[in-house]
Amino acid sequence: MGLMLSSRRILHLSKWEVLRAWRKTSPKSLLVGVLLTVLIMAFVAVTPTSGIQVTNGLYVVGVIVGDYNEMLDSETRFSTYSFTDRPTALAKLSSGQLDLVIGRGVVYFDSQNEKSIAATTVFEEVWRENREAVLRQQRDLNPDQANMIFPILVSVSYSEVERQLVAPNEAIIIDLGIQPVEFPVEQPIDGQLDPSPPISASLIPIDSQVGVDVLTTPSQLAPPLPFVSTIVAVSLLAPTFFLSQMYGNGMMSEKTGAKGRMLLATPLRRFEIVAGKTLPYLIIAVLGTFAITQLQSFFIEGSSKIGVLQGGIMVLLLLPATLMFFAVSLTSVMLSRGFKEATVISVFLSTFLSLYLIAPSALPLTFPVSLVSPVTGLMQITEGGVLTIEDFLRFTIPFSILSLSIFAVAGSLISEESFFVQKRLIPKIVDGLELLISRESILIPLGFASVFFAFSVQLMLVTLGIFFRGLGGFLFIILASALVTETLKSVGLYALVLRGRVRRDIRSVIKLTFFSAGGFYVGEKVFLLLLAASFLPLLSLYSETSRIGFLLLPFLLHMATSGLLSSGLIYGGPRFYPLFILLSSLLHIAFVIYIIRLMISLLGL
Amino acid sequence: MVTFRASLRFLVLIRKEIVSLSKEKTLPFTIVIQLLTVLLSVSLASSFAFSAGGGELETGSMRVVIQGQGESTTTLANSLSDRGLYVLRVNTVEEANELIANSRIDLDIRVIGGDLGGSDPIFVSLRMRDSPIASTLIRLSKESLEDLQRVARQQRLDTVNLKGENVLASFESKPLNGEQAASPVASFYAFETTYAIMIPLIFSLPALISGGLAMDSLTQERERRTLGVLLVTPVTRFDIYSSKLLFYTILGITQIVVWMLILQVMGISIENTTNILVLGSLMIVMFVLLGGVISARFKTKTLTQLAYSVVATLLTMSWFALRGSPINMMVKLAAGTTSALEFDSFSSILFLAAIPLLCMIFLKEVHRENDIGLVNSG
């Protein structure tokens with residue numbers, strides 16, 4: 001009954017939100033908006049064809065002989081100038097006016113000049129492509145010489161390197177013009193023959209057999225770069241970017257225009273207000289994302305068509321991230337004091353979130369880490385991969401918990417006081433937490449939820465740490481990670497102490513230590529289980545090490561750091577919070593270093 | 001005297017803007033946004049570059065088993081070994097399978113057909129895990145296979161008439177001072193990531209953000225109804241608008257200067273700093289004027305933000321897609337390709353023409369607001 005009533009209220013509020021937004025939107029603005037969006041899409045469609053022109057004419061090349069002009073003109077990065085004599089051209093190269101000088105069969109460059117070295121690499125690529133194009137023409141003219149011109153044929157397959165035969169007897173040849181040939185058959189080690197008989201390779205269209213090795217020439221081998229799928233994934237986020245901005249503005253109008261006060265005077269509960277206001281934007285974002293999944297193949301060159309079911313899965317996959325953008329938008333509105341501040345905080349948080357979503361998915365070195373960004377899942381689907389239910393849950397659960405937690409904190413700030421009283425950032429956050437923590441035991445779920453936030457921030461730090469290689473990068477990651485973990489673990493505790501809701505006795509210290517450390521510890525383990533499939537090697541190591549107390553050690557660490565923080569806060573007061581955060585972080589780092597050393601000794605590295 | 005008073009009014013209004021910004025958390029967040037955006041782009045570019053083989057990698061830790069007969073297998077194995085891979089050469093399938101069963105192998109290569117000078121194709125199959133290092137393995141294998149292809153072609157094409165085309169002739173790279181570059185591919189990726197991605201972003205973000213802040217500041221005055229209060233003082237509407245635009249232009253230019261200093265500290269060489277500053281300032285003026293026009297034209301915060309986002313996105317995209325655009329010019333200036341501002345292309349002329357055009361629209365809009373007063377506010 002209560003649920004029905006709540007749903008009805010939420011829908012009623014949503015209806016009003018839609019009507020209000022519709023009334024405020026003039027047909028002219030709508031038309032302009034649609035036209036501009038179409039223009040953007042047209043641009044996206046045209047740009048891959050025309051190419052990115054940022055580096056147009058970047059390298060200045062001097063050509064001594066005229067034979068290469070056509071080849072060099074095909075590369076937009078080159079500005080070419082003809083020279084009749086070598087010394088003049090080399091003098092210009094030496095003075096830095098030219099980046100390359102090309103003579104017959106020789107390319108001069110300045111090895112002290114980074115730009116000149118880069119130009120050499122571009123030239124080599126251009127020359128190689130030109131040579132292959134000429135050879136392809138020659139092969140077409142002399143088909144009987146195809147095996148002479150392209151003597152090497154390569155097949156690539158991605159699977160576990162294990163005891164399997166790799167005779168390319170099911171290969172497809174794409175437009176190579178070579179004669180059909182019998183492939184040799186290898187004998188497997190167990191002496192049993194491959195059941196499939198050898199076949200003659202012939203010109204079979206690539207789409208006719210899926211999952212079969214493809215034969216190609218060495219120059220046509222391309223590393224699997226997820227460039228197009230990254231563009232598809234980013235374009236799917238576009239409706240969310242715009243709509244979360246509009247949602248934030250709508251909420252800000254309620255706040256500044258004092259209309260929110262009227263809402264608070266109604267029997268609506270806070271979560272109903274948040275849900276009612278969010279729902280219309282969320283629905284439009286979901287529909288917009290789905291529409292893009294169905295239309296992207298028309299405006300993104302190189303992308304393939306996505307089916308309705310796949311599109312639906314992609315939308316569901318992205319839903320927690322969409323919710324997160326809305327949560328972030330609401331948070332920035334509730335924490336800010338004006339439009340400008342709200343915009344900047346919202347852009348800051350959205351940029352951070354985008355960095356978290358997009359960067360890991362494109363980082364091959366952090367492959368297991370990349371599996372926690374839903375964008376990786378989107379890319380997996382775009383590239384025709386299979387998404388298991390485990391994958392789906394792994395991509396969505398952390399984000400869902402995190403989004404709902406942020407909504408809860410931001411939603412708790414929707415009160416008359418926050419609408420009328422201007423406060424600084426930290427007191428505002430503390431207000432939100434204080435309202436959320438009705439009982440001390442709420443610290444347990446708060447600690448649990450903060451694991452996902454801590455992990456997201458740590459993931460970002462890992463991403464950023466890649467740019468600070470060596471010991472500096474390592475220290476940066478562990479110091480920042482420890483600071484983030486300890487701050488998030490204790491932020492609820494700090495809010496309680498700051499508001500004077502904690503008694504100064506040992507019992508409170510023990511109780512709060514147990515609540516904050518316990519919640520975080522349980523969250524950490526649940527998170528580990530969620531990631532089990534993607535961290536299999538790590539998990540096997542974990543299960544090995546847990547036998548010797550690795551399950552207990554993290555618990556002791558959380559208890560120790562939380563104990564240090566809670567006793568420091570309760571007996572020292574909130575002003576000592578930064579000091580105790582630092583101390584507990586140092587303790588945390590010492591533990592991490594100890595574990596790393598222990599692992600190294602266990603693995604015998 | 002009038003000019004002096006006008007300047008004083010300007011200064012008072014600019015001071016008000018500075019106080020407002022310093023009270024809010026706008027400025028630090030703005031700086032962090034720029035840093036994060038640059039990091040996001042560079043991280044993406046680096047990861048793509050890394051996949052393409054431009055990154056540093058401990059190739060010696062990658063283990064390859066190669067099985068096959070004849071000189072083609074030897075040539076390929078040697079080439080892979082030269083590239084730093086740990087190559088285990090075996091002759092039979094049994095030996096290869098035994099190795100795979102007993103140790104960690106990242107790449108399994110089987111070569112079928114060993115005669116480099118023969119007339120049959122040489123088949124090479126590569127098998128690897130779909131793992132983070134797959135891209136790097138493919139890149140390294142590709143280079144070695146191209147070596148093998150070159151050797152085979154040299155032997156086979158001697159007998160083939162290619163109609164006089166000397167397509168197999170290779171270029172000799174000659175450094176001026178006789179020293180070869182240590183890592184040309186890595187240098188290439190480092191250079192292109194810096195000048196084709198980082199520089200355009202670093203010098204276009206201040207313009208985008210300044211324009212957005214100028215627009216927000218003006219819209220906020222109207223929505224909070226403080227514009228009316230300001231107009232009670234001895235300042236005109238034009239004073240309020242233009243002082244805000246001036247302030248955000250100066251703020252944008254300051255950001256460019258700070259970025260230049262940061263790049264210098266990071267050891268990234270930037271040529272033609274004065275011209276970059278001039279060009280960057282023109283870009284900022286354009287975006288700030290755009291923010292001003294949009295703010296004066298659209299009355300609600302949502303519409304102004306939406307219009308600015310879309311127009312700014314379109315403009316930035318066109319700058320990345322058009323030859324001779326300000327961004328293209330900025331890159332060439334920073335890399336030292338050119339030392340002078342070139343305005344010889346259509347896109348550059350459009351860019352220059354846009355500034356006075358926006359000024360005119362802006363003045364017209366402010367004048368229109370003067371006529372209608374505060375009727376449309378709120």
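1. A quick definition to begin with: helices (H or I, at least four residues) and strands (E, at least two) are DSSP runs, numbered from the N terminus. With that in hand, L363(B) belongs to helix α12 (residues 346-372) of chain B. L363(B) counts as partly exposed because 16 other C-beta atoms lie within 10 Å; a residue is buried with 20 or more such atoms around its own, exposed with 12 or fewer, and partly exposed in between, the C-beta atoms being placed from the backbone. Its C-alpha atom is separated by 8.1 Å from that of F238(B), a residue 125 places away along the chain.

2. Some housekeeping before going on. This is a predicted model, in which local features need pLDDT of at least 70, side-chain atom pairs count only at pLDDT 80 or more, and totals for chains, interfaces and linings use all residues. Residues are numbered from 1 along each chain as its sequence is written, while chains are lettered from A and ligands numbered from 1 in the order in which they are written.

3. On overall confidence, the model scores ipTM 0.78 and pTM 0.67. For pLDDT, the predictor's confidence in each residue from 0 to 100, chain A averages 74, with 72% of the residues scoring at least 70. Chain B has a mean of 78, and 81% of its residues reach 70 or more.

4. Now for chain A. It has 22 helices and 7 strands, and 41% of its 605 residues count as buried.

5. Please treat parts of chain A with care. Among its elements, strand β1 (residues 59-63) of chain A has the highest mean pLDDT (91), and strand β6 (residues 172-173) of chain A the lowest (35). Across residues 161-212 of chain A, pLDDT stays under 50, and the model has 88 contacts beyond four places in sequence for them. Residues 532-548 of chain A are also below 50, with 11 contacts in the model beyond near neighbours in sequence.

6. Chain B has 12 helices and 5 strands. Of its 378 residues, 46% count as buried, and 75% of its contacts between residues at least 6 apart in sequence join residues at least 24 apart. Confidence in chain B is lowest in helix α2 (residues 26-51) of chain B, at a mean of 63, and highest in helix α9 (residues 273-297) of chain B, at 91. Two stretches deserve a flag: residues 53-58 of chain B have pLDDT below 50 and 13 contacts beyond near neighbours in sequence, and residues 373-378 of chain B stay under 50 with 8 contacts beyond four places in sequence.

7. A helix pair to look at is α6 (residues 184-223) of chain B with α8 (residues 237-265) of chain B. Their axes come within 9 Å and cross at roughly 155°; axes are lines fitted to C-alpha atoms, for helices over the stretch in contact, and angles run from 0 to 180 degrees between N-to-C directions. The two helices are therefore roughly antiparallel, the term for angles over 145 degrees, whereas under 35 is roughly parallel, 65 to 115 roughly perpendicular and the rest oblique.

8. Among the residues involved are Y195(B), I199(B) and F203(B) in α6(B), and I327(B), M330(B) and A334(B) in α11(B). This contact has 10 nonpolar, 1 polar and no charged residues. Helix α11(B) is mostly covered, with 10 of its 10 residues buried, including N328(B) and K332(B).

9. Finally, two backbone details. G336(B) follows α11(B) and has a positive phi, near 80°. N272(B), in the loop between α8 and α9 of chain B, has a phi near 50°, a positive value in a residue other than glycine. Most residues other than glycine have a negative phi. N272(B) is buried because 20 other C-beta atoms lie within 10 Å.

Terms used: Two residues are in contact if their C-beta atoms, placed from the backbone, lie within 7 Å. Ala, Val, Leu, Ile, Met, Phe, Trp, Tyr, Cys and Pro count as nonpolar, Asp, Glu, Lys and Arg as charged, and the others, Gly among them, as polar.
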